[in-house]
Amino acid sequence: MAFNDFTRFVQQQNPDIDFDMYRDIVPQIKKLVTDTFRSVVTNIDPERLQNSFELFGYDFMIDE
């Protein structure tokens, strides 16, 4: 679900809650991703990556 769609969904389901995905959740997601990369930065070997690349993906579940 796109962030804007999720914001609309939460606002429709809970009209009394002031919620914005970009304001309330995205900063937390960015911090978690940054923290995980910082925790493994010394284990990433740039020499091993010649002629290749690595993809990193994250899945987040949002609950109460």
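This report describes the pocket, the aromatic pairs and selected residues of a predicted model.

## Basis of the model

The model is predicted: local features need pLDDT of at least 70, side-chain atom pairs count only at pLDDT 80 or more, and totals for chains, interfaces and linings use all residues. Residues are numbered from 1 along each chain as its sequence is written, and side-chain values use heavy atoms, with hydrogens and water left out.

## The largest pocket

The largest pocket has a volume of about 350 Å³. A pocket is an open set of points on a 1 Å grid over the protein atoms alone, where a 1.4 Å probe fits, with protein on both sides within 12 Å along at least five of seven lines. The volume is the space filled by probe spheres set on the points, which are joined across faces, edges and corners.

The lining comprises 15 residues, and Phe19, Ile25, Ile62, Asp63 and Glu64 lie nearest the centre of the pocket; a lining residue has an atom within 4 Å of a point. Two or more lining residues come from each of the elements α1 (3-13) and α3 (26-40). Helices here are DSSP runs (H or I, at least four residues), numbered from the N terminus. By class, the lining holds eleven nonpolar, two polar and two charged residues. Ala, Val, Leu, Ile, Met, Phe, Trp, Tyr, Cys and Pro count as nonpolar, Asp, Glu, Lys and Arg as charged, and the others, Gly among them, as polar.

## Aromatic pairs

A pair of aromatic rings is described by the distance of the centres and the angle of the planes. Rings of Phe, Tyr and Trp (its six-membered ring) pair if their centres lie within 6.5 Å; planes under 30 degrees apart count as stacked, over 60 as edge-to-face and the rest as tilted. Five aromatic pairs are found by this rule. The ring centres of phenylalanine 3 and tyrosine 22 are 5.5 Å apart and the planes stand at 80 degrees, so this pair is edge-to-face. It links distant parts of the chain, with phenylalanine 3 in helix α1 and tyrosine 22 in helix α2 (residues 21-24), 19 residues apart. Phenylalanine 3 is partly exposed at 33% relative accessibility, and tyrosine 22 is partly exposed at 45%. Buried means under 20% relative accessible area, exposed over 50%, and partly exposed in between (1.4 Å probe, protein chains only).

Phenylalanine 6 and phenylalanine 19 also form an edge-to-face pair, at 5.8 Å centre to centre and 85 degrees between the planes. This pair joins helix α1, which holds phenylalanine 6, to the loop between α1 and α2, which holds phenylalanine 19, 13 residues apart. Phenylalanine 6 is buried at 18% relative accessible area, as is phenylalanine 19 at 10%.

## The buried face of α1

Phe6, Thr7 and Val10 are the buried residues of α1. Viewed down the helix axis, they fall within an arc of 100 degrees, so they line one face of α1; the arc is that of the directions from the helix axis to the C-beta atoms. These buried residues pack against α2.

## Two exposed residues

Aspartate 18 is in the loop between α1 and α2 and is exposed at 60% relative accessibility. Not counting residues up to four places away in sequence, aspartate 18 touches Arg23 and Asp24, where contact means heavy atoms within 4.5 Å. Leucine 32 lies 14 residues from aspartate 18 in sequence and 23 Å away in space, C-alpha to C-alpha.

Arginine 48, in the segment after α3, is exposed at 53% relative accessibility. Arginine 48 and isoleucine 25 are separated by 23 residues in sequence and by 35 Å in space, C-alpha to C-alpha.
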